[in-house]
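Let's take a friendly walk through the charged pairs of this protein. Have a look at the model first, and then read on.

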Amino acid sequence: MAEEYDEKTSELLVRKWRVKSALGALSQWQLEVGEPALPGAGSLGPELIKESNANPIFMRKDTKTSFQWRIRNLPYPKDVYSVGVAQKERCIVVRTTNKKYYKKFSIPDLDRYQLPLDDSLLSFAHANCTLIISYQKPKEIMMAESELQKELKKVKTAHSDGDCKTQ
(Lines give C-alpha, C1' and ligand atoms only; values in the text may rest on other atoms or scores of the structure.)
Protein backbone atom coordinates (compact mmCIF):
# COMPACT_ATOMS: atom_id res chain seq x y z
CA MET A 1 0.00 0.00 0.00
CA ALA A 2 1.16 3.53 -0.74
CA GLU A 3 -0.45 6.69 0.59
CA GLU A 4 0.14 10.34 -0.23
CA TYR A 5 -0.79 13.11 2.20
CA ASP A 6 -0.93 16.87 1.84
CA GLU A 7 1.95 18.25 3.93
CA LYS A 8 0.03 21.29 5.18
CA THR A 9 -3.40 19.83 5.91
CA SER A 10 -2.44 16.16 6.48
CA GLU A 11 -5.32 15.26 4.14
CA LEU A 12 -5.15 11.88 2.40
CA LEU A 13 -4.71 12.56 -1.32
CA VAL A 14 -4.02 9.08 -2.74
CA ARG A 15 -4.17 5.51 -1.45
CA LYS A 16 -3.27 2.66 -3.76
CA TRP A 17 -2.68 -1.05 -3.31
CA ARG A 18 -0.48 -3.53 -5.12
CA VAL A 19 -0.48 -7.29 -4.49
CA LYS A 20 1.74 -10.13 -5.59
CA SER A 21 0.40 -12.91 -7.79
CA ALA A 22 0.81 -16.60 -6.94
CA LEU A 23 4.13 -16.55 -8.83
CA GLY A 24 5.38 -13.45 -7.00
CA ALA A 25 4.95 -10.89 -9.79
CA LEU A 26 3.61 -7.49 -8.75
CA SER A 27 0.22 -6.49 -10.14
CA GLN A 28 -0.79 -3.04 -11.37
CA TRP A 29 -1.58 -0.39 -8.73
CA GLN A 30 -5.26 -0.41 -7.70
CA LEU A 31 -6.40 3.10 -6.79
CA GLU A 32 -8.62 3.25 -3.68
CA VAL A 33 -8.61 6.98 -2.87
CA GLY A 34 -7.77 9.86 -5.19
CA GLU A 35 -8.17 10.86 -8.78
CA PRO A 36 -7.25 8.36 -11.49
CA ALA A 37 -4.28 9.28 -13.65
CA LEU A 38 -5.15 10.52 -17.09
CA PRO A 39 -4.87 7.67 -19.62
CA GLY A 40 -1.93 8.11 -21.93
CA ALA A 41 -0.42 10.93 -19.87
CA GLY A 42 3.31 10.74 -20.41
CA SER A 43 3.29 7.40 -22.18
CA LEU A 44 2.55 6.17 -25.65
CA GLY A 45 1.02 2.79 -24.94
CA PRO A 46 -1.67 0.70 -26.54
CA GLU A 47 -4.33 3.34 -25.81
CA LEU A 48 -5.32 3.88 -29.40
CA ILE A 49 -9.02 4.14 -28.58
CA LYS A 50 -9.84 6.96 -26.20
CA GLU A 51 -12.75 6.82 -23.78
CA SER A 52 -15.33 9.57 -24.23
CA ASN A 53 -14.85 12.50 -21.87
CA ALA A 54 -18.65 12.65 -21.48
CA ASN A 55 -18.72 9.28 -19.67
CA PRO A 56 -19.28 9.37 -15.89
CA ILE A 57 -16.01 9.54 -13.93
CA PHE A 58 -16.04 7.82 -10.52
CA MET A 59 -13.47 8.78 -7.88
CA ARG A 60 -13.05 8.82 -4.14
CA LYS A 61 -11.83 11.84 -2.19
CA ASP A 62 -12.11 11.66 1.58
CA THR A 63 -12.54 14.52 4.03
CA LYS A 64 -11.56 14.58 7.72
CA THR A 65 -15.01 13.42 8.83
CA SER A 66 -16.40 11.44 5.91
CA PHE A 67 -15.62 9.12 3.04
CA GLN A 68 -16.62 10.91 -0.14
CA TRP A 69 -17.14 9.78 -3.73
CA ARG A 70 -17.64 12.04 -6.71
CA ILE A 71 -19.25 10.94 -9.95
CA ARG A 72 -18.70 13.56 -12.62
CA ASN A 73 -20.67 13.96 -15.85
CA LEU A 74 -24.07 13.03 -14.41
CA PRO A 75 -26.43 15.70 -15.79
CA TYR A 76 -29.74 14.59 -14.23
CA PRO A 77 -31.48 16.53 -11.42
CA LYS A 78 -30.99 15.37 -7.79
CA ASP A 79 -34.48 13.81 -7.48
CA VAL A 80 -33.58 11.27 -10.23
CA TYR A 81 -30.86 9.67 -8.05
CA SER A 82 -31.35 6.99 -5.45
CA VAL A 83 -28.43 6.25 -3.12
CA GLY A 84 -28.70 3.46 -0.55
CA VAL A 85 -26.94 0.68 1.33
CA ALA A 86 -27.13 -2.98 0.27
CA GLN A 87 -26.56 -4.72 3.61
CA LYS A 88 -26.15 -8.27 2.24
CA GLU A 89 -23.50 -7.22 -0.28
CA ARG A 90 -21.88 -4.65 2.08
CA CYS A 91 -21.90 -1.93 -0.56
CA ILE A 92 -23.47 1.36 -1.56
CA VAL A 93 -25.78 1.38 -4.59
CA VAL A 94 -26.35 4.41 -6.81
CA ARG A 95 -29.13 4.26 -9.41
CA THR A 96 -31.25 6.61 -11.42
CA THR A 97 -35.00 6.33 -11.86
CA ASN A 98 -34.53 6.75 -15.63
CA LYS A 99 -32.21 3.67 -15.67
CA LYS A 100 -29.35 5.64 -17.25
CA TYR A 101 -26.80 5.02 -14.46
CA TYR A 102 -26.17 2.22 -11.95
CA LYS A 103 -23.13 1.72 -9.73
CA LYS A 104 -22.27 -0.51 -6.76
CA PHE A 105 -19.17 0.10 -4.65
CA SER A 106 -17.89 -0.98 -1.26
CA ILE A 107 -16.04 0.92 1.46
CA PRO A 108 -12.78 -1.02 1.94
CA ASP A 109 -12.01 0.91 5.15
CA LEU A 110 -15.16 -0.47 6.82
CA ASP A 111 -14.33 -3.96 5.54
CA ARG A 112 -10.82 -3.74 7.02
CA TYR A 113 -12.23 -2.81 10.44
CA GLN A 114 -15.20 -5.20 9.99
CA LEU A 115 -17.71 -2.45 10.71
CA PRO A 116 -21.33 -2.57 9.51
CA LEU A 117 -22.76 -0.14 6.96
CA ASP A 118 -25.28 2.29 8.40
CA ASP A 119 -27.84 3.87 6.05
CA SER A 120 -28.25 6.89 8.36
CA LEU A 121 -24.57 7.89 7.84
CA LEU A 122 -25.09 8.13 4.06
CA SER A 123 -25.96 11.38 2.26
CA PHE A 124 -25.66 12.80 -1.24
CA ALA A 125 -25.80 16.08 -3.12
CA HIS A 126 -25.76 17.09 -6.78
CA ALA A 127 -24.16 20.20 -8.27
CA ASN A 128 -22.44 21.10 -11.56
CA CYS A 129 -23.16 17.69 -13.15
CA THR A 130 -21.39 15.98 -10.22
CA LEU A 131 -23.04 13.61 -7.75
CA ILE A 132 -21.28 13.83 -4.36
CA ILE A 133 -21.88 10.87 -2.03
CA SER A 134 -20.76 11.15 1.60
CA TYR A 135 -20.57 8.51 4.32
CA GLN A 136 -19.76 9.77 7.82
CA LYS A 137 -16.69 8.00 9.25
CA PRO A 138 -17.41 5.85 12.31
CA LYS A 139 -15.58 6.82 15.53
CA GLU A 140 -13.38 3.70 15.33
CA ILE A 141 -11.94 4.84 12.00
CA MET A 142 -11.61 8.46 13.18
CA MET A 143 -9.57 7.25 16.18
CA ALA A 144 -7.37 5.00 14.01
CA GLU A 145 -6.71 7.87 11.59
CA SER A 146 -5.78 10.26 14.41
CA GLU A 147 -3.33 7.64 15.75
CA LEU A 148 -1.83 7.32 12.26
CA GLN A 149 -1.46 11.11 12.01
CA LYS A 150 0.36 11.14 15.38
CA GLU A 151 2.76 8.45 14.12
CA LEU A 152 3.36 10.35 10.88
CA LYS A 153 4.13 13.53 12.83
CA LYS A 154 6.63 11.61 14.99
CA VAL A 155 8.39 10.29 11.89
CA LYS A 156 8.29 13.70 10.21
CA THR A 157 9.82 15.48 13.22
CA ALA A 158 12.47 12.75 13.57
CA HIS A 159 13.44 13.23 9.92
CA SER A 160 13.43 17.03 10.16
CA ASP A 161 15.69 16.88 13.25
CA GLY A 162 18.22 14.90 11.23
CA ASP A 163 17.56 11.78 13.27
CA CYS A 164 16.65 9.18 10.66
CA LYS A 165 16.56 6.20 13.03
CA THR A 166 13.50 3.98 12.72
CA GLN A 167 11.35 3.65 15.78
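What follows is a short tour of the salt bridges.

This is a predicted model, in which local features need pLDDT of at least 70 and side-chain atom pairs count only at pLDDT 80 or more, while totals for chains, interfaces and linings use all residues. Residues are numbered from 1 along each chain as its sequence is written, and side-chain values use heavy atoms, with hydrogens and water left out.

Side chains of opposite charge can pair when their charged atoms come close. How many salt bridges does the structure hold? There are 14, a salt bridge being a side-chain nitrogen of Lys or Arg within 4 Å of a carboxyl oxygen of Asp or Glu.

Start with Glu3 and Arg15, whose side chains meet in a salt bridge at 2.7 Å, N to O. Glu3 sits in strand β1 (residues 2-5) and Arg15 in strand β2 (residues 12-17), so this pair ties together parts that are 12 residues apart in sequence. Strands are DSSP runs (E, at least two residues), as are helices (H or I, at least four), numbered from the N terminus. Arg15 is buried at 7% relative accessibility, whereas Glu3 is partly exposed at 25%; buried means under 20% relative accessible area, exposed over 50%, and partly exposed in between (1.4 Å probe, protein chains only). Both residues also belong to a network of salt bridges that links Glu3, Arg15, Glu32, Arg60, Asp62, Asp109 and Arg112.

Now turn to helix α2 (residues 139-160), where Glu151 and Lys154 are three residues apart, so about one helical turn separates them. Their closest N and O atoms are 3.4 Å apart in a salt bridge.
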